[in-house]
Amino acid sequence: VTGKTEPRRVSPEGVLAARAALERFLEAKTWLALPVGIVGCVLVALLERRHGVGAADRALSGAAFGLSLPILAYLVTDSSLSRRRLSTNLSSIVRHGGSPSAAASGTLASVLLFSTSTGALLGALTTFVARAGTDGAWLRDVGASAWIGILGGAAYASAFVFASSFGKRGGGRQLLFALDFLFGISSSALALPWPRSHIRNLIGGTPPLELSQPASAAALVLIAGLTAIFAVRRARA
Amino acid sequence: MSDLLLEQVTDEWLGPITLRIEPGVTTLTGDPAPLGRIVEILAGVRTPRRGKVTLVGPTDQANAASARVAALLPEEELVAAPDVLRALAAALTLRGLELEPRTVLESAGLADLGGRRPARLDFLERRAVMLALALADVRAGGFVLYDPLSVSPLVPRGFVLDACLEHARTKPVLVASPHLEDALVLGGRLLTFARGTVFAAPAWYGSGASVHVRSKQARRLAGLLAEEPGVSGVLFDAERAPFEVIAKSLDPEMLAESVTRLACDHGLAIASIVVSPSSASPPAPQDPSRVLPRAAPPRPGIHGNEA
């Protein structure tokens with residue numbers, strides 16, 4: 001016995017599901033919303049820049065993370081799942097004996113990849129356009145906005161995939177989208193479960209329940225992690 | 001040898017169904033929507049509200065029907081891939097089959113579809129490809145096929161029939177079809193699905209004799225008769241004839257004895273028993289709607305009885 005173990009193979013159903021999600025997303029032309037979102041954020045950042053101090057905060061909380069990020073995360077989830085329930089979407093793999101959890105992980109990975117990179121891009125670009133060259137800290141802020149975008153994108157992606165396991169056609173994600181808009185804007189306890197309130201706190205807006213920024217960052221990680229776990233567990237439901 | 005076993009399976013349109021599908025061809029007819037639901041549950045793509053599906057065999061596979069049952073669903077979707085051949089290759093890998101995707105398609109006369117994009121296939125083509133895959137699955141413990149003969153414009157009818165009969169030698173092959181004529185072509189055992197319940201073949205589809213029993217406890221009697229080993233079919237219609245049960249058997253004497261014994265043992269009042277050879281005046285079975293009324297929400301009663 002040499003103690004050597006075979007390298008762990010990536011589950012084929014996970015790869016298949018990830019590829020299927022990506023293919024559906026590209027086929028649905030949803031990706032066209034990304035350039036639209038980017039152009040919108042850049043224009044808003046330019047307008048805000050002309051109004052002076054706080055341009056980046058306003059552009060981020062409004063166009064970038066307030067509007068574009070949740071909409072894009074919703075659209076990518078919706079198209080990756082073919083506007084269906086999570087379990088229905090995985091049935092073409094599960095029926096051949098593929099593990100529902102592995103297949104759900106693949107789908108989730110695909111949606112996460114797009115949402116986090118979109119979040120990073122929107123955050124960095126918006127901050128760059130709004131702040132570049134205004135003071136010495138602008139480069140640091142571009143970096144900070146990028147990781148806030150990554151955290152926010154991950155939270156939205158996992159939450160939308162999890163919510164897609166509810167409702168006949170995955171209508172749970174529409175409800176989540178609406179509730180995030182409705183309750184996420186407040187600063188009361190009602191805002192705590194929604195990514196919007198924590199993203200706002202991280203970019204210097206009103207914190208929910210006076211939470212600190214590290215606490216909001218942890219809350220986003222928690223939302224992303226828990227909803228991802230539950231999404232994978234509910235893949236069969 | 002293996003059996004497909006449904007235990008207390010309950011879902012929308014389906015009453016609690018307990019049914020054992022043994023090796024051989026079994027045809028289930030009824031309304032398309034509930035039939036499709038049963039097929040989806042057996043294929044493992046839909047979890048019933050209650051109950052479970054088990055492949056009973058040398059190694060029982062509780063709730064793992066999806067892995068061991070080869071199925072053709074009412075609506076099919078291929079695994080996402082650049083072309084049909086690669087989609088089939090992925091499905092074959094998941095099923096653990098060492099088959100060439102091209103061979104699978106060629107055997108069913110679908111070689112032309114190999115290079116097409118799965119997303120560009122139409123409804124019939126998708127079903128044809130998945131039927132070819134299902135019938136090629138030599139490792140499957142059972143087969144559940146929804147209306148397989150409807151893809152005959154693409155897949156030769158003879159190929160489907162031969163493959164079904166070949167598999168049926170050692171494995172359960174359930175063909176769910178809203179068309180009664182398919183059941184007559186395939187032969188084997190006929191089940192009907194109505195009002196959320198699966199019934200054994202109506203008495204007039206088989207040979208032998210039938211008894212028409214009138215009783216205020218007809219529902220209870222039907223349930224008991226369905227469990228009798230010598231009874232080949234039991235028909236009970238709670239809406240049209242709530243006080244009548246028709247039972248069928250090859251042996252009329254044994255059938256009459258069963259009815260009277262059950263009535264005595266369980267204290268059931270019998271108003272009348274009429275024994276009639278089925279060949280005497282068979283009702284016309286050509287119109288399925290007469291035999292198979294539209295499915296309604298399940299009712300309490302003898303759900304899932306089959307003989």
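Axes here are lines fitted to C-alpha atoms, for helices over the stretch in contact, and the angle between two of them runs from 0 to 180 degrees between N-to-C directions. The legends below describe close-up views of a predicted model.

**Figure 1. Helices H4 and H5 of chain A in contact.** In this predicted model, helix H4 (residues 86-94) of chain A packs against helix H5 (residues 100-131) of chain A at an angle of about 120°, and the two axes lie 10 Å apart. Because angles of 65 to 115 degrees count as roughly perpendicular and only those over 145 as roughly antiparallel, this angle makes H4(A) oblique to H5(A). The crossing of H4(A) and H5(A) is right-handed. On the H4(A) side the contact is formed by A:Leu90, A:Ile93 and A:Val94, which meet A:Pro100, A:Ala103, A:Ala104 and A:Thr107 of H5(A). Sorted by class, the residues of this contact comprise 6 nonpolar and 1 polar, with no charged residues. An α-helix has 3.6 residues a turn, so residues three or four places apart point the same way.

Figure 2. A:Asn89 lies in helix H4 of chain A. With a relative accessible area of 3%, A:Asn89 is buried, the cut-off for that class being under 20%. When residues up to four places away in sequence are not counted, A:Asn89 touches A:Arg24, A:Ser80, A:Leu81, A:Ser82 and A:Arg84.

**Figure 3. Helices H2 and H3 of chain A.** Helix H2 (residues 33-50) of chain A packs with H3(A) at an angle of about 170°, and their axes are 9 Å apart. H2(A) and H3(A) are therefore roughly antiparallel to each other. The contact of H2(A) with H3(A) divides by class into 11 nonpolar, 2 polar and 3 charged residues.

**Figure 4. Helix H8 of chain A and the helices around it.** In helix H8 (residues 195-202) of chain A, 8 of the 8 residues are buried, so this helix is largely enclosed by the rest of the structure. The buried residues of H8(A) are A:Pro195, A:Arg196, A:Ser197, A:His198, A:Ile199, A:Arg200, A:Asn201 and A:Leu202. These buried residues pack against four elements of chain A, namely helix H3 (55-80), helix H6 (138-163), helix H7 (172-184) and helix H9 (213-233). A:Gly204, which follows H8(A), has a positive phi, near 95°.

Figure 5. A:Leu209 lies in the loop between H8 and H9 of chain A. The phi of A:Leu209 is near 50°, a positive value in a residue other than glycine, and its relative accessible area of 46% makes A:Leu209 partly exposed. A:Pro214 belongs to helix H9 of chain A and, at 63% relative accessibility, counts as exposed. Between A:Pro214 and A:Leu108 there are 106 residues of separation in sequence and 25 Å in space, taken from C-alpha to C-alpha.

**Figure 6. B:Gln8 in strand E1 of chain B.** B:Gln8 is found in strand E1 (residues 3-11) of chain B. Although B:Gln8 is not a glycine, its phi is positive, at about 50°. With 41% relative accessibility, B:Gln8 counts as partly exposed.

Figure 7. Chain A has 9 helices and 0 strands, and from the N terminus on its elements run α-α-α-α-α-α-α-α-α. The radius of gyration of chain A is 19 Å, close to the 18 Å that the globule rule gives for 237 residues, so chain A is as compact as a globular protein of that length. The C-alpha trace of chain A spans about 60 × 45 × 35 Å along its principal axes, and 51% of its 237 residues are buried. Of the contacts in chain A with a separation of 6 or more, 67% are between residues 24 or more positions apart. Chain B contains 10 helices and 14 strands, and 54% of its 307 residues count as buried. In chain B, residues 24 or more positions apart account for 73% of the contacts with a separation of 6 or more.

Conventions: Residues numbered from 1 in each chain as written. Chains lettered and ligands numbered in written order. Predicted model: local features only at pLDDT ≥ 70, side-chain atom pairs only at ≥ 80, totals over all residues. Heavy atoms only, no water. Helix = DSSP H or I, 4+ residues; strand = E, 2+ residues; numbered from the N terminus. Parallel < 35°, antiparallel > 145°, perpendicular 65-115°, else oblique. Left-handed = near helix turned anticlockwise from the far one by under 90°. Contact = heavy atoms within 4.5 Å. Nonpolar A, V, L, I, M, F, W, Y, C, P; charged D, E, K, R; others polar. Rg over C-alpha atoms; globule rule 2.2 N^0.38 Å. Buried < 20%, exposed > 50% of the residue type's maximum accessible area, 1.4 Å probe, protein only.
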